[in-house]
Amino acid sequence: MPNTTTTSRAGSRAGRRTDRLTGDGTYSRAQLTAADPVGGARLLLGAILRVGDVALRITEVEAYGGPEDGPWPDPAAHSYRGRTARNAVMFGPAGHLYVYRSYGIHHCANISIGPDGVAAAALLRGAQVVSGDETVRARRTPGTAESNLARGPGNLAEALGLTLADNGLDVFDAASRVRLDLAPGTVPDPLETGPRVGITQAADRPWRLWIPGAMGVSAYRRSPRAPAANPRMG
């Protein structure tokens, strides 16, 4: 969620706060609540995000932290200057969808991470379509290659049909329009990591994670306004 984007109102809809187990019953909201931004982002790799008949396997994510006085200060995050109506979902509870509009054009989707009241989230950057191909293709540009259907955060949100109306949804609620199934044991280790795409602050922090060789992973593009690369940045 680079600060170079413009975001819309992000009022949180807590919905029903459940702690039910997801997917095969191994992981629950508790894992995301206990995680730091990078650890939570890692848990999302290989997870399945579902909207209607469309299911995407998440293959690329970026972690984002919070304000300067928090445990994970991150000047690239929407939450860096504190809680607002726009970024409230980032402050928890974990497992909620934070949707914003980038440059007034594309929607981008994030999953909140960490304890309630502490800001962190993971931007969903890339995914592979595992079901609902026909629905996805009706939403995307005709002739789009399979590998590009959900490559990049705007394309991923478009493939799922996400809008600002989905902001704040609880992805662990069985009644939610958008549902997340974590998928333990399916992600290669070690994963690939590197700098986040297109940001100007904390541009060398290796908080972008992806599954090597997976479909939907985007190419790295550094912002021309970012400082010169610092390979020692951690």
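1. The charged end of Arg 208 lies over the ring of Trp 210, 4.2 Å from its centre. Arg 205 and Trp 207 are arranged likewise, with the charged end over the ring and 4.7 Å from the ring centre. A charge counts as over a ring if NZ of Lys or CZ of Arg is within 6 Å of the ring centre and within 35 degrees of the ring normal.

2. This is a predicted model, in which local features need pLDDT of at least 70, side-chain atom pairs count only at pLDDT 80 or more, and totals for chains, interfaces and linings use all residues. Residues are numbered from 1 along each chain as its sequence is written, and side-chain values use heavy atoms, without hydrogens and water.

3. The mean pLDDT (the predictor's confidence in each residue, from 0 to 100) is 85 for the protein chain, and 83% of its residues reach 70 or more. Over residues 2–26 pLDDT stays under 50.

4. The largest nonpolar core has 46 residues; Leu 44, Leu 56, Leu 97, Leu 124 and Leu 180 touch the most other members. A nonpolar core is a set of buried (under 20% relative accessible area, 1.4 Å probe, protein chains only) Ala, Val, Leu, Ile, Met, Phe, Trp, Tyr and Cys residues joined through side-chain atoms within 4.5 Å. A second, separate core of 14 residues includes Ala 76, Cys 108, Ala 119 and Ile 199.

5. The structure holds 1 aromatic pair. Tyr 98 and Tyr 100 form this tilted pair, 5.6 Å centre to centre with 40° between the planes. Rings of Phe, Tyr and Trp (its six-membered ring) pair if their centres lie within 6.5 Å; planes under 30 degrees apart count as stacked, over 60 as edge-to-face and the rest as tilted. Tyr 98 is buried at 0% relative accessible area, and Tyr 100 is buried at 1%.

Conventions
Buried means under 20% relative accessible area, exposed over 50%, partly exposed in between (1.4 Å probe, protein chains only). Contact means heavy atoms within 4.5 Å.
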